[in-house]
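The sequence and structure are shown first.

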Amino acid sequence: MTVQTLTERPSRSTLFDGLTRYIPIGATVALLAALYLGGVANYPNFDNPQVVAKLFIDNAPLLVIAVGMTFVILSGGIDLSVGSVMAFSTMACAWLTVEAGIGAPLALVLVLAFGTAWGLLIGAVIHYFDVQPFIATLVGLFLFRGLTLQISDTDVSMREVEFFQWGMTHVDFGEIRDGGFWLPYLSFVAFAVVVIAFVVLHYTRFGRGVYAVGGSESSALLMGLPVARTKIGVYAVSGFCAALAGVLAAFATKSANPLANVGAELDAIAAVVIGGTLLTGGAGFVLGTVAGVMVWGMLNTLIAFQGNLSSWWARIVMGVLLLAFILLQRVLARSGEKRRT
């Protein structure tokens with residue numbers, strides 16, 4: 001009897017720990033559902049399918065950089081440069097196509113390659129020189145914002161470049177008047193990024209390495225995992241996603257604003273944390289990040305429907321939610337430590 005009781009305890013604790021991992025993402029999904037149902041109850045036409053579709057239109061760039069940020073935070077790092085890299089990428093697209101006369105497809109390839117190269121560089125600096133990710137990526141935040149303003153301190157239009165009409169070309173899903181909705185191609189690009197990230201994180205060696213490094217870098221080294229390759233790789237993913245988000249912004253607005261996306265890195269971090277990813281790394285889900293981005297989008301949509309509130313209220317509420325989810329993570333972590341001791 002005693003032997004059975006002792007052997008049962010670890011399995012029960014392990015089962016409880018496994019279920020605990022899903023509490024934050026469950027809370028996020030419940031919050032998202034509550035926001036949507038509250039909107040349906042208070043505002044006419046809020047249940048129109050296009051309202052939900054618009055979340056994936058307006059927030060496609062944020063969703064892409066948040067997916068890249070998920071990789072970084074899962075590994076135990078942080079990337080403060082993504083908002084500036086995104087703005088620089090949009091401006092680079094405009095300058096290369098409008099001023100330099102380079103074909104738009106080639107310009108896009110160059111921009112994406114540059115974002116990836118930046119990620120590789122900063123990842124190498126963080127790993128090989130043992131620089132704190134906060135400090136290393138803060139360099140990128142200032143550097144690329146400054147470079148963006150050096151290219152142009154005013155808006156640059158890309159409306160004359162036919163290629164940039166592609167992103168907002170849309171696919172209709174039924175008749176709008178009969179409850180249908182539409183989505184542009186740039187939303188499908190964001191969906192593809194989410195699907196690829198999900199597969200990579202959950203079904204590849206690299207993805208398992210990201211979770212392992214975030215859980216314990218020393219343990220990952222003892223297990224013989226390629227820690228250096230993994231740490232550098234996550235920043236390359238983040239840099240690529242930031243550049244791609246800039247390209248999507250170019251498709252959406254057909255212009256480049258040097259002051260655009262200020263604070264986008266903080267929006268991405270908030271979405272990732274509210275989506276259930278631990279700030280300390282090692283636990284989280286890319287689908288949770290999608291839910292976190294949708295919470296941000298739903299808050300802005302509710303404010304737009306209300307009509308008499310400042311858009312800053314979305315940031316105020318997001319700040320409160322971020323604090324609540326961080327506290328929830330700490331409570332769950334401490335309860336897990338108590339059970340193990």
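Asp 58 and Lys 54 both lie in helix H3 (residues 49–58), four residues apart, about one turn of the helix. Helices (H or I, at least four residues) and strands (E, at least two) are DSSP runs, numbered from the N terminus. The model is predicted: local features need pLDDT of at least 70 and side-chain atom pairs count only at pLDDT 80 or more, while totals for chains, interfaces and linings use all residues. Residues are numbered from 1 along each chain as its sequence is written, and side-chain values use heavy atoms, leaving out hydrogens and water.

A salt bridge is a side-chain nitrogen of Lys or Arg within 4 Å of a carboxyl oxygen of Asp or Glu; by this rule the count comes to three.

| Salt bridge | N to O distance |
|---|---|
| Asp 58 and Lys 54 | 2.5 Å |
| Lys 231 and Glu 217 | 3.4 Å |
| Arg 315 and Asp 267 | 2.7 Å |

The pair of Arg 315 in helix H14 and Asp 267 in helix H12 (residues 264–274) links distant parts of the chain, 48 residues apart. Burial is judged by relative accessible area: buried means under 20%, exposed over 50%, and partly exposed in between (1.4 Å probe, protein chains only). Asp 267 counts as buried because its relative accessibility is 15%, whereas Arg 315, at 35%, is partly exposed. Asp 58 is partly exposed at 48%, and Lys 54 is partly exposed at 45%.

Thr 70 lies in helix H4 (residues 60–74) and, with 0% relative accessibility, counts as buried. The side chains of Thr 70 and Thr 289 are joined by a polar contact of 2.7 Å (a pair of N or O atoms within 3.5 Å; within protein, one must be able to donate a hydrogen and the other to accept it, and residues adjacent in sequence count only if both atoms are side-chain atoms). Leaving aside residues up to four places away in sequence, Thr 70 touches Val 272, Thr 277, Val 286 and Thr 289, where contact means heavy atoms within 4.5 Å.

Met 86, in helix H5 (residues 82–99), is likewise buried, at 3% relative accessibility. Beyond residues up to four places away in sequence, Met 86 touches several residues, among them Pro 61, Ile 65 and Asn 261.

Val 320 belongs to helix H14 (residues 312–340) and counts as exposed, at 55% relative accessibility.
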